[in-house]
Amino acid sequence: MRELKARILKDGRSLPGGILKVDSFINHQMDPYLMRQIAVEFIRRFASTKVNKIITIEASGIAPAVILGLLMDVPVVFAKKKKPSTMDNMLATTVYSFTKQRNYDVVVSREYLSANDHVLFIDDFLANGNAARGIVELCEQAGATLEGMGFIIEKSFQHGRERLEEMNIRVESLAVVESLDNCQIRLMEE
């Protein structure tokens, strides 16, 4: 994913507190061509897995998940951060947002996540792994099989990968940020 890494270095901004801002091409304004390349790479990396559903958490994971779902011809479910008044029979958990520094509930209708599902989780960032662990919990509640997790960008210095791999979860990240020290972006070499 040379193009992704180049865009992170060119257009990404490192902010104090370990924040990487990529809103000009990933999670506010999106580059559809880059999103398609990201989806194709996830397909390549997870080609050996049996996936019949993509799952993400609103909002930043929706775009890459939908493009991936389109190319794989499978439905996409996004966990909502607020319980809709129309959702009765749901799975729910609480996750902590590193970026927003607060807890929030995430919910999925039992109608859209079940024991018949072989799930691939897709998200924009892997930091501490809190959102990902929330998805693990929702999959466990549903009896769904979690086939793996794909992240556009991983911040390795926040150790989310280690926490997920300790749970025997397959993790694939397309770009790995080694450090944001002194607000300088340093990517891990392959």
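Rings of Phe, Tyr and Trp (its six-membered ring) pair if their centres lie within 6.5 Å; planes under 30 degrees apart count as stacked, over 60 as edge-to-face and the rest as tilted. By that rule, this predicted model has one aromatic pair. The partners are Phe121 and Phe151. Their ring centres are 5.8 Å apart and their planes meet at 70°, so the pair is edge-to-face.

Where do Phe121 and Phe151 lie? Phe121 is in strand 7 (residues 118-126) and Phe151 is in strand 8 (residues 145-155), so the pair ties together parts 30 residues apart in sequence. Helices (H or I, at least four residues) and strands (E, at least two) are DSSP runs, numbered from the N terminus. Both Phe121 and Phe151 are buried. Buried means under 20% relative accessible area, exposed means over 50%, and partly exposed is in between (1.4 Å probe, protein chains only).

A word on the ground rules. The model is predicted, so local features need pLDDT of at least 70 and side-chain atom pairs count only at pLDDT 80 or more, while totals for chains, interfaces and linings use all residues. Residues are numbered from 1 along each chain as its sequence is written, and side-chain values use heavy atoms, with hydrogens and water left out.

Next, the interior. A nonpolar core is a set of buried Ala, Val, Leu, Ile, Met, Phe, Trp, Tyr and Cys residues joined through side-chain atoms within 4.5 Å. The largest such core has 29 residues. Leu4, Ile8, Leu20, Ile38 and Ile153 touch the most other members. Helix 1 (2-11), helix 2 (32-45), helix 3, strand 7, strand 8 and strand 9 (171-179) each supply at least two residues. Helix 2 gives the largest share, five residues. In soluble globular proteins, nonpolar side chains tend to be buried together.

Leu70 is another case. This residue is in helix 3 (residues 62-72). Leu70 has a relative accessible area of 68%, so it is exposed. Val40, Leu70 and Leu71 form a nonpolar surface patch, with about 280 Å² of accessible area together. Patches are made of residues with over 30% relative accessible area and no salt bridge; like charges are joined within 9 Å, nonpolar side chains (Val, Leu, Ile, Met, Phe, Trp, Tyr) within 5 Å. Accessible areas come from the Shrake-Rupley method with a 1.4 Å probe; for residues, only the protein chains shown count as cover.

Now the charges. A salt bridge is a side-chain nitrogen of Lys or Arg within 4 Å of a carboxyl oxygen of Asp or Glu. The structure holds twelve. Arg161 bonds to Glu154, with the closest N and O atoms 2.9 Å apart. Arg161 is partly exposed, at 21% relative accessibility, whereas Glu154 is buried, at 4%. Arg161 also forms a salt bridge with Glu165, at 3.0 Å between the closest N and O atoms. Both Arg161 and Glu165 lie in helix 5 (residues 160-165), four residues apart, about one turn of the helix. Elsewhere, salt bridges link Glu41, Arg44, Arg45, Arg170 and Glu172 in a network.

Charge also meets ring. The charged end of Lys81 sits over the ring of Tyr104, 4.7 Å from its centre. Here NZ of Lys or CZ of Arg must be within 6 Å of the ring centre and within 35 degrees of the ring normal. Lys155 lies over the face of Phe125, at 5.7 Å from the ring centre.
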